[in-house]
Structure formats: structure tokens, C-alpha cells
Amino acid sequence: MRTYPPPPDVITGRVAWVFGDDFDIDLVIGVENIKSYDADFLRGVCMQAYDPTFVDRVRPGDVVVGGRNFGYGHPHYPPMVALRDLGIAAVLAESFSPGFWRGETYNGMPLLTVPGISTTAATGDRVEVDWRAADVRLPDSDARLLGTPPSDRAARVVAAGGSLNLLLAEHGRTPATT
Amino acid sequence: MPSTIVEKILARAAGRDAVTAGENLPVRPDRMMAYDFPGYTDVMFRQMHDDFGITELAEPERYVVFIDHMLTRGDGREQEVHQVTRDWCEHYGIALHEADGIGHQVMVEQGYVVPGAFLVHFDGHISGAGAFGALGWGVRRDLLEGWVTGQLHLDVPATTRFDLVGEFPPGVDARDLVHEIIAMLGADGCAHQVMEFGGPGAETMAIGHRQSLCGMAMFTGAVSAVFEPDDEAATHLAALGVEAGTPVTPDADATYAARHTIDLSTLRPRVVEPGSARSANTRHADELAGTPVTKAFIGSCASGRIEDLRAAALVLDGRTVADGVDLNVVPTSQAVHDQAEAEGLLDVLRGAGATIARSSCDFCFGYQKPLQADENCISTGVLNISGRMGSTAANIYMGSASTVAASALAGSITTAEEVGRA
């Protein structure tokens, strides 16, 4: 698995896309591509079914927004690898499917449950996210939404850049170089 | 403090008198399980050994590994994958169960699932352990935390209670019930919660049906499911020579996130349309009647137990599947296979034209006999997402063993009742 640095205290960027309810994350790259971890390949297929300009317009610090039960289905890891490689720094959703939530929290991705986000945020909106407080500001619409802050443990996982890094640190080890 | 079953099990596993839904705390599973699969177990073993410097385990008996995937091609790649697992298990003194069947069933036959036990696996279908009043929780890569530290940080889930009354009508079973619940509550109706089943209807359910229902819990958004332990579960385990464990029952005044009563006698066969198990895809079987199928599959960790094979044999006894239909039956474990053979069920199924395959996970994830583009398959597998059983252009409908058998007979989606065998 690829590793990514932990997010800054306040993530600043734009809303890169707004997904609907029960969104199957595999669709980000297409189910025929879910076994690839090749960054260049994933870049070529990422969000092509939704917006061919997505890959070129996303900047580090951008976020994606979801509706209810984001990540439903049988989530694989490559779609989020594809999004993170582009710089997507957080997912804000009405709610998350548990399997997706656990898998991507392990990988250190801030996943914030923010009621109202899917109807308030629009693609292209500027966004500022204090992820520890689940405090979301959308300056373009002068909106502020307060979600459910991550548990202390989940916050530590994210701040460490993922669960593996946190466990290694807790055991006085650093990742082995391979 | 009044508690649900899961709160009591997690309190014990956390060494606490009581826990409350919403708390995050470290808990010690009784068993920490995995099946070998490239990118999972090989990586985890290497991380445990190389990254964490763990060269021996203090409590190897808490670790269990199954070889139940990638068993049917017989090529060098399979042997390579399995040998890595064998070597690590030997190194650490970990019990390895190879080719005995699907781990989520073999774990019961081997005595790891006892009432009140807490088990984790990276795979979510371990929730089937709930049939016996145990808590099985699929924790994905967080299994590494368990393997390395002996405990995992988990959020204590809230519980939704299902009081079951009545009895399944003929030709209806737990697969129809789980999809009824999804149709009723949505694909996130029990999100991040545990489903707790009890009541007189629950007691009428066969053990295999309880395993099926609990094993599919994730499609309601639940992290697991659990039945109140009863005499039926105790008798089943006793017949396997398994210790009784410590049955855990909920307190009468436990706090539930929601409570629903379902009358099993009102249920009708359900079929799920291709794509996912979400409620929008869930139909009564008669709504899809006539949809042609050329592939049919009875098996998986959720179905393929003796109850499913009996149901299929009841439908197919003395008949043959429709021309052009390829019916594949995969008993959930070798023990189930042997019992079905002894009962004459497999002869009935072979006589109907079914192919009986070795017990494994391979059919369900498209490794064995993958579906081709544009094929319609009706399946008791656990997933019908695009590409799950082969080509991304194949269509997978899901239903009970009765419905799959009836549809194979007709060559199109139908029910056991419609073919006169409910």
C-alpha cells in the first residue's frame, strides 16, 4: 500500500465532486480496474465516467463529498489510492458505510460525517475543514457545518498518517524499508 | 447496567464490568482469524515479523488461519501463495485449516465459535458466528493491530433488536429475510450497529439459516449480527463436540437504537437485481419472473449448508435443469459435503444435472468458472456487484437456494412454489 503524509490541521481546497447516496467507491475507477495499484494507470481512469476534466483540475487539499452510506458495496483500496494520488485530502459525507470507513481510516484518510454537506456543498466550492473538530466552512456560500468529530483513536490514526504508522510509533518502531 | 448481547461480550473482552454504545476502547478478541490471500496474510505476517520484530507469539492459540480461497486451479501460483501461509503458520505455531471448506463454516466445526465468544477476521462475513450467540466482527486491515498487540480499538456498536415471530413459509428462508430487512430499512438501516435476533420466530430457524442471516449482516450496514443463544444452538454445538461456552443473553431493559418485529410467515421469496444488495435492487421474485438465466450457483459462506442443499434437492428431485443452464453446487465445507452425500442429496443434485464442486470460496469471487460477458447468473453467493463472479458485463441475481434451484429448473427466474416444490 502507498503511504501519504498526515493532513494539515485545517485542510483547504475546493469541493472536487459531490456523490449521491449509497455510492460504491469502486465506480471512481470502474469495477474493471479495481485490482490495479499503478498510479499512472489509475490516474488515467480516475473519474473518467463522471468528469473527464477531474484529474486535471483537482489540487492537493481538495475534498470529495458524499451522501448517505458513502462507500457501500464491496470497497476496494485502489479507488482511494487514485483520489489520494491526485491530492484529495478528505471525504465529507452524510454518513459512511462501515467497511469503507474502517478500511480508509486505517489508511489515514480523514472521513468526516457531516450532516447536510451533500445538499450544501457544490462542486467547485472553496472549503476549509478543521478535521479534528469536523468543522467545515464553505466561504462561497458563507456556510458552516459541524459534523461528528472523529474518536480520539481515529484522530490519532489520521494524525499518524494511518494505523500502521501509529502502531509502529506506539511500539517504538519505524516502518521497515522495503 | 442493562446491556445488549454485544455490550456484554465486548465488556468481557475489554475486561470491564460494562461498556456503553459509542465508547471507543481496546478489546481482546478470543480468536483472531484470517484466510490466506495475496496482499493480506502475506503482508500482515511480514509486517508482524519485519516491521514489529515479533518472532514468536505469546498466545498462538488465539490466531487461526484458513486456506479456503484459490484452491481449484491447481497451478503453481496457488501453491506458492499457500506455501507462504504454511511457512508462517508453522513459524508462529498458528493453527492452519487447509481445504476443509470455507473458513466461516470450518470455524464452527473446529470449535472456535462458542456462545459468548468474540472473534475477529479481516473479512466481514465472520458475522455468521452470531448464529451461536458469538460476536464475529470483520475489521479489515485493523486485524494487524490485533495480531501485533493482542487487542483492537473498537467503537462499541449500538444494537438494533429484531423480534422474530412466526415461521418461514415453505420455499422461504434467511436469504429472503435479510433482503426483506434491507428493503424495509435500507442499505444503511443498521449502519455501524449490531443486529440482535430473538423471539419465538428466531427459535424456529434452523442453524444454517441463522448463519446465513448473520453472515449477510454487512449489507444492512451492520458490523455484525447475533442471535440469542438457545437450545438449538447448544445442541448443534454439542453434536460437534464443542464446549458450551458461556451463553450471553440481553437484559430485558437493555437500550436499543431501534426495535422491529418481523413475522416470518408473511415473507415471500426475494431476488436482488445485479449491482448491489441495496434496497432499490431488491424485488419480490415474481417481479423478475421470466428473466432468463444460464448460470446458477448454490454455495458460499452464507449459503451452501445442509439446509440449502436439502432445499435445492427438494426442488430438483427427479427433475433436470433446463437446457443450457449450468448449475454449480459448492457445499460450504467438506463436512457439509459428506453429510449431503450421506443423505443422498448430492445424488439428487447430480441427477438433476448439477456439477458438485469442491468446497471453497472460489466460485463466489469469480476465480472458478468465471462468468462470461452478458451471462445471467442466479446465485446464493454473497455479492452481486459487477465483476464479482467473472466478467464485469455479466449479471448476477441473488436469491435463496430454493429460488436458485427453481430458476435453474425453469431456465428463468422463478420460485419453488411456482415449480410446485415449495
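In what order do the four strands of the open sheet in chain B run? The order is 10-9-8-11, and the pairing is parallel. This is a predicted model, and everything below is read from it.

Start with the sheet in chain B. Strand 10 (224–227) and strand 11 (258–263) of chain B form its edges. Each has a single partner strand, so one side of each is left without a neighbour in the sheet. From one strand to the next, the twist averages 20°. Look next at one pairing within the sheet. Strand 9 of chain B, residues 194–198, pairs with strand 10 of chain B in the parallel sense, over four bridges. B:Met195 shows where to look: its bridge partner in strand 10 of chain B is B:Ala225.

Now step back to the domains of chain B. The domain assignment gives two entries: domain 1 covers 5–15 + 23–264, and domain 2 covers 271–410. Taken over C-alpha atoms, the centres of domain 1 and domain 2 of chain B are separated by 23 Å. The contact takes 31 residues from domain 1 of chain B and 30 residues from domain 2 of chain B. Which elements give two or more residues to the side of domain 1 of chain B that touches domain 2 of chain B? They are helix 4 (103–109), helix 6 (174–185) and helix 8 (207–215) of chain B. By class, that side of domain 1 of chain B has ten nonpolar, 15 polar and six charged residues.

Chain B also meets chain A. Here 29 residues of chain B are in contact with 27 residues of chain A. On the chain B side, helix 2 (41–51), helix 5 (143–149) and strand 7 (152–155) of chain B each supply at least two residues. Helix 5 of chain B gives the largest share of that side, three residues. By class, the side of chain B that touches chain A has ten nonpolar, ten polar and nine charged residues.

Cross over to chain A. Chain A has seven helices and seven strands. From the N terminus on, its elements run β-α-α-β-α-β-α-β-α-β-β-β-α-α. The radius of gyration of chain A is 15 Å, close to the 16 Å that the globule rule gives for 178 residues, so chain A is as compact as a globular protein of that length. Along the principal axes, the C-alpha atoms of chain A fill a box of roughly 45 × 35 × 25 Å. Of the 178 residues in chain A, 49% are buried. Consider the contacts in chain A between residues at least 6 apart in sequence: 72% of them join residues at least 24 apart.

Finish inside chain A, at helix 4. Is helix 4 (residues 98–106) of chain A largely enclosed or left open? Nine of its nine residues are buried, so helix 4 of chain A is largely enclosed by the rest of the structure. The buried residues include A:Phe100, A:Trp101 and A:Tyr106, and also the charged A:Arg102 and A:Glu104. What covers the buried residues of helix 4 of chain A? The cover includes helix 3 (78–86), strand 4 (111–113), helix 6 (152–159) and helix 7 (163–170) of chain A. Just after helix 4 of chain A, A:Gly108 takes a positive phi of about 90°.

Notes: Residues are numbered from 1 along each chain as its sequence is written. Chains are lettered from A and ligands numbered from 1 in the order in which they are written. This is a predicted model: local features need pLDDT of at least 70, side-chain atom pairs count only at pLDDT 80 or more; totals for chains, interfaces and linings use all residues. Two residues are in contact if their C-beta atoms, placed from the backbone, lie within 7 Å. The radius of gyration is taken over C-alpha atoms; the globule rule is 2.2 Å times the number of residues to the power 0.38. A residue is buried if 20 or more other C-beta atoms lie within 10 Å of its own, exposed if 12 or fewer, and partly exposed in between; C-beta atoms are placed from the backbone. Two strands pair if DSSP finds at least two bridges between them. Axes are lines fitted to C-alpha atoms, for helices over the stretch in contact, and angles run from 0 to 180 degrees between N-to-C directions. Domain bounds come from an automatic or database domain assignment.
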